[in-house]
Amino acid sequence: MKAAAALPTMPPPFPPAFAALLQALLGQPLSMHGAADERTRARRARLSQSGTFVGHRPYVRGDDLRRIDWAACARTGALFVKQLEEEERRTATLLLDLSPSLLVGLVPRRLAMLRAAAVLGGLALARLDGLTVVAPGAGDASIRPFVGLQSLGSLLRHLETLPIVATTPAAAATLVLQQRVPGRVHWLSDFAVPREVELPLFALRRRGAHVTGWLPELPEDRQAPQPGFVRVVDPESGAMLAVPIDAAFAAELQRQLAALALAQDHLFSQAGAQLVRWPAHVADDMQVAAWLPFLTRCAG
Amino acid sequence: MNLLAPEHLWALLVLPVLWWLALPGRPRAVRWTAHFAQWQEALARQPRRPHRRRRLRFWLLALAAAAAVVAWCQPILPGLAGKQRLVVVLDGSASMAVPAVDGGASPFAQARAALATQLAAVPSHVEVTLVQPGRSLVRRHGASARALHDLAPPAGELGVDLAELTATVAADPATTVWTLTDGQGQRALPTAGALSLFANPGDNAALLSVQIDDAWPLPRMALRATVLAFAATAVEAEVGVVGACATVAPRSLRLQPGTAETVEFELLRTVAGGNLEVRVRLAGDRCASDDVWRLQLPPLPAPRIAVREEVDGGPFAQAAAKALAAEVGGSVVAVQPGEPIGFLLVDGGQLALVPGQVRALTFGTGLAVEPAAVASPWPQPTGIDWARAHPLLLGLDLSELAVQQATHGLLPAGEELLWADAPDGRVPLAVLVGAGTTASVHFAFRLQDGNLPLLAAFPQLLRRVFVASHGAAAVSSALSTAPAAAELDLTLVARGADRGLPAFASEDRDLAAWVLLAGLLCLAVRAFVR
């Protein structure tokens, strides 16, 4: 195998047409759920790590050891963990995957991801209290907060300048957890290796984060390749593979891709999170109507 | 390993081409994918096995190609250094045929057996030459030498110095020499090369020579035989004569070592002629080939002498015929139809006779087959002289010969015996015509025209003409040759130790087939490597 010469290129993510589209989308009568809308459910089901002490509950396997109330243990002889009520916040977090694997696709998945992040961020700036963009591997720009719709321009420039860098889901989750980024977490990635996403996703869940996975879907994620002799290149490692494609191979590859999609769905289902797939080619469509399903998913 | 044709190594340039051709196909279409692991897994699950050892397959192919090129360059494995030619010197002298003391094989037979054994073990690439000096020099080369084809039986004298011969041959560093001899008659044994000595010493007596005093056509004959013996002490020998003669008692004589003795015999030969054998006998004689001397004696003629003469020829012809008959023990017969005659004596006249075809002696006779027109009288020829060295006239004195009348142009062409001076040069007065077993002598004058019948040499002349007219039929011939002097003394044998053959150079081995086989093996292995 031989390293490929250069990664695929990508057009500018935010041309003027998209800026106009974004304004039109933000003008749609849609609401966006923040953390406050889930207060009732949060109090009932999950309590975040920071907030006001509201009581104890018996320790169960998987709970954070730092939340064990050792004084109560000394008094009763059993393990109890402290339950804290999250402070009310109307915020959202965008967790972006900057890895080169998102450069793949006729309409690159990264293009779709950035434009989706712009729409999600714009909605958060317009309808919530704030927005935090977490981009692991971006150095100083790894965590950048934005407040108010007036910072939409800054958000777009920030998103446009994010580098292409290989990161791991574990690093992304660690960054989110260490910085205690508040609010709903929108994780935009291709989730190409589900087993690498599993532990970080469960860690975020245990910390009370409400994670929604956003996966720009490409046709080749499900469709079989055309017969021929192709050189397949991995953008992450640069590894190359010469593959003669025939009907049998196409069928097998389709089975593998279906298994991958199933693993992704199963992962998010187990984590109690939502995985939203939407066609990546929508991102290249500057018509509002094309984006309405995506807006509906954002509101949901 | 050496290459005989290294210029063919340029063909190794095919290796980069093979490397280029062995590169896996590179698809032109490039497909970036985020699901590289799925592609790999799908590829791994395919029933077809991908080439996993491309590099090994290429190297096997490259080795096969390189082997083919090297085979084309004619690789050889140089052989070991050593002698590349073998010269066998086989003693072919008479002593090699002498049987062993115990009646075993002769040295020649032993040498031949040793040659057959040893030459079979000589590597085939060694060039073999066999030289057999003896009575005749025999030389064989190559396969003929290895098979010992047509070796001459041992006879005669060696004739060469083996030490010098072998030293000359061995001067070539690539050549080794192998001498097989009995050491007989050599001043020293060869010091160069291998040596096989078949010494066979012993006593020997030999007939050195036999001389005869032949009185043909008379039956008496004197024979002298010279005998020599080689032994440690004086020995008793016996010499006998048997064959075409009356029986004579053998002579015993005591021979001193190395001293020749002569024995004389007076023999009375038989009329029919035949072989006469002289033999010396010695107890314990080792070499029989030099004990016998054989002669071929011609039969004795029964001279029937016929005379033809002119009517007025006088008594000379009849007197000459009687004198000749008395000289050779014959008789004078009349010329009659159907009567066989042995010799014709003609004086004058004309006779239809082909010169040289009839045993005849003519005096002034015109031969009908000759052109008579050229004949002319030649009165009183002067300056008469004769062929003094001719066997017919050797020792005869014809200085007082005087001829009153001769005939010029009467004689046929022949060997001039007698001549006289003439204005146009020397003109023959007598000629000898014929060869083989028949001859005739012709004189250019009649008997009564000269004083030849009165000369003292005339009877002897008649006898010699009679003998000469029989040509070779009157000559005794020796069937034996004198033994080689160096082969007589069998006690004089050079002694030495045998030396074996040196190591021969091994032949260069052609490795082309093996290299080619290795290449094919590489291709065969490559067929099973994926």
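**Close-up views of helix packing, domains and chain contacts**

**View 1. Helix H8 (residues 247-270) of chain A crosses helix H2 (residues 36-44) of chain B at roughly 135 degrees, and their axes come within 9 Å.** The model is predicted: local features need pLDDT of at least 70, side-chain atom pairs count only at pLDDT 80 or more, and totals for chains, interfaces and linings use all residues. Residues are numbered from 1 along each chain as its sequence is written, chains are lettered from A and ligands numbered from 1 in the order in which they are written, and side-chain values use heavy atoms, with hydrogens and water left out. Axes are lines fitted to C-alpha atoms, for helices over the stretch in contact, and angles run from 0 to 180 degrees between N-to-C directions. Helices (H or I, at least four residues) and strands (E, at least two) are DSSP runs, numbered from the N terminus. H8(A) and H2(B) are therefore oblique to each other; angles under 35 degrees count as roughly parallel, over 145 as roughly antiparallel, 65 to 115 as roughly perpendicular and the rest as oblique. The crossing of H8(A) and H2(B) is right-handed; a crossing is right-handed if the near helix is turned clockwise from the far one by less than a right angle, and left-handed if anticlockwise. H8(A) contributes Phe249(A), Glu252(A), Leu253(A), Gln256(A), Leu257(A) and Leu260(A) to the contact, and H2(B) contributes Gln38(B), Trp39(B), Glu41(B), Ala42(B) and Leu43(B); contact means heavy atoms within 4.5 Å. The residues of this contact of H8(A) with H2(B) comprise seven nonpolar, two polar and two charged. Ala, Val, Leu, Ile, Met, Phe, Trp, Tyr, Cys and Pro count as nonpolar, Asp, Glu, Lys and Arg as charged, and the others, Gly among them, as polar.

**View 2. The interface of chain B and chain A brings 20 residues of chain B into contact with 36 residues of chain A.** About 2,700 Å² is buried between the two chains, and carbon and sulfur atoms give 69% of this area. Buried area is the accessible area (1.4 Å probe) that two parts lose on being put together, summed over both. Of the area that chain B buries against chain A, Trp32(B), Phe36(B) and Trp39(B) supply 29%, more than any other three residues.

**View 3. Helix H4 (residues 109-127) of chain A packs with helix H9 (residues 288-299) of chain A at an angle of about 50 degrees, with their axes 11 Å apart.** H4(A) and H9(A) are therefore oblique to each other, and H4(A) passes H9(A) in a right-handed crossing. On H4(A), Arg115(A), Ala116(A), Val119(A), Leu120(A) and Leu123(A) meet Trp291(A), Phe294(A), Leu295(A) and Cys298(A) of H9(A). Eight residues of the contact are nonpolar, none is polar and one is charged.

**View 4. Helix H1 (residues 16-26) of chain A and H4(A) cross at roughly 40 degrees, and their axes come within 10 Å.** That makes H1(A) oblique to H4(A). The crossing of H1(A) and H4(A) is right-handed. Phe18(A), Leu22(A), Leu25(A) and Leu26(A) of H1(A) make the contact with Arg115(A), Ala118(A), Val119(A), Gly122(A), Leu123(A) and Arg127(A) of H4(A). Seven residues of this contact are nonpolar, one is polar and two are charged.

**View 5. Domain 3 and domain 4 of chain B have C-alpha centres 40 Å apart.** Six residues from domain 3 of chain B and nine residues from domain 4 of chain B form the contact. The assignment for chain B, in which domain 3 is 204-298 + 477-487 and domain 4 is 304-474, also gives domain 1 (2-23 + 49-79 + 510-528) and domain 2 (85-197); domain bounds come from an automatic or database domain assignment. About 530 Å² is buried between domain 3 and domain 4 of chain B, with 65% from carbon and sulfur atoms. On the domain 3 side, Trp216(B), Pro217(B) and Leu218(B) lose the most area to domain 4 of chain B, together 82% of what that side buries.

**View 6. Trp216(B) and Pro217(B) are joined by a cis peptide bond, with omega about 10 degrees.** Pro217(B) is in the loop between strand S9 (204-214) and strand S10 (220-230) of chain B.
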